[in-house]
Amino acid sequence: MVATRSLEQDLRERGFKNLMRWSRGVDEQLFKPYEGSVLPADLPRPVFMYVGRVAVEKNIEAFLNLKLKGSKVVVGGGPQLEVLRRQYADVHFTGAMVGEVLARHYSDGDVFVFPSLTDTFGNVMLEALACGVPVAAFPVMGPLDVIGDTGAGVLSENLQEAAEAALDIPREHCRRIAMNYTWAASARQFLDNCIRARDLHNTQFAEANAAE
């Protein structure tokens with residue numbers, strides 16, 4: 001079972017067979033639009049936000065180096081956190097967050113910037129969308145599958161242009177797109193795959209016995 005169409009295609013080209021799609025999910029009761037703000041009141045708007053592990057492989061500096069009006073916020077912990085804090089004094093680093101506090105930080109953003117070039121899915125995009133926050137990202141595996149042509153984000157090789165354009169996306173549309181990725185939908189997809197796999201096995205077993 002693979003999470004995205006891009007990954008399925010990649011594995012199929014490498015000779016893998018019996019591939020089935022099993023998408024990720026998001027807790028829509030926790031990750032949702034919230035009233036009020038948890039960010040410092042003096043942070044200029046709009047707020048461009050990154051949430052996730054603060055590590056080299058996440059390509060965070062592609063976001064931090066953008067010349068954006070407003071504020072940049074990084075939510076998360078990791079081995080690069082203290083280094084980036086020193087290098088980017090104008091960025092608001094919150095450290096790691098969990099639970100409702102994390103969800104409220106998502107909800108406080110105006111655009112979620114996802115600079116990674118290597119993630120195969122990027123569940124943080126679903127969490128942002130569920131909170132009503134549009135996504136700006138590069139057109140690579142993960143964003144192409146989650147955002148694609150849904151209109152809930154902007155994909156571009158120019159991440160600055162994507163971030164600025166995403167400001168115009170209605171928050172309620174982002175939330176609607178995220179509702180296609182509930183945990184209930186993910187569970188149904190998993191069970192359907194199990195049934196398909198069982199039926200395929202039974203058919204192959206019957207054909208093998210008939211051939212004997």
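1. Two strands count as paired if DSSP finds at least two bridges between them. Strands (E, at least two residues) and helices (H or I, at least four) are DSSP runs, numbered from the N terminus. With that in place, A136 stands opposite V154 in β6. Strand β5 (residues 135-137) runs parallel to β6, and 3 bridges join them.

2. A note on provenance. This is a predicted model, in which local features need pLDDT of at least 70, side-chain atom pairs count only at pLDDT 80 or more, and totals for chains, interfaces and linings use all residues. Residues are numbered from 1 along each chain as its sequence is written, and side-chain values use heavy atoms, with hydrogens and water left out.

3. The sheet is open and has 6 strands. Their order is β3-β2-β1-β4-β5-β6, with parallel pairing. β3 (92-95) and β6 (153-155) are the edge strands; each has a single partner, so one side of each lacks a neighbour in the sheet. From one strand to the next, the twist averages 20°.

4. Two helices that lie across the sheet. Axes are lines fitted to C-alpha atoms, for helices over the stretch in contact (heavy atoms within 4.5 Å). Angles run from 0 to 180 degrees between N-to-C directions. Helix α4 (residues 99-108) lies across β1 (47-51), β2 (71-75), β3 and β4 (111-114), at about 145° to β1.

5. Is helix α5 (residues 123-130) mostly covered or mostly open? It is mostly covered: 7 of its 8 residues are buried. Buried means under 20% relative accessible area, exposed over 50%, and partly exposed in between (1.4 Å probe, protein chains only). The buried residues are V124, M125, L126, E127, A128, L129 and A130. Their cover includes β1, α4, β4, β5, α6 (143-146) and α8 (171-178). Just after α5, G132 takes a positive phi of about 85°.

6. F93 sits in strand β3. F93 is buried, at 9% relative accessible area. Not counting residues up to four places away in sequence, F93 touches L64, V74, L81, L84, R85 and Y88.

7. S156 lies in the loop between β6 and α7. S156 is buried, with a relative accessible area of 18%. Its side chain reaches the backbone nitrogen of N158 at 3.0 Å. Leaving aside neighbours within four places in sequence, S156 contacts A137, F138, P139, E161 and A162.

How values were computed:
Polar contact = N/O pair within 3.5 Å; in protein donor to acceptor, adjacent residues only side chain to side chain.
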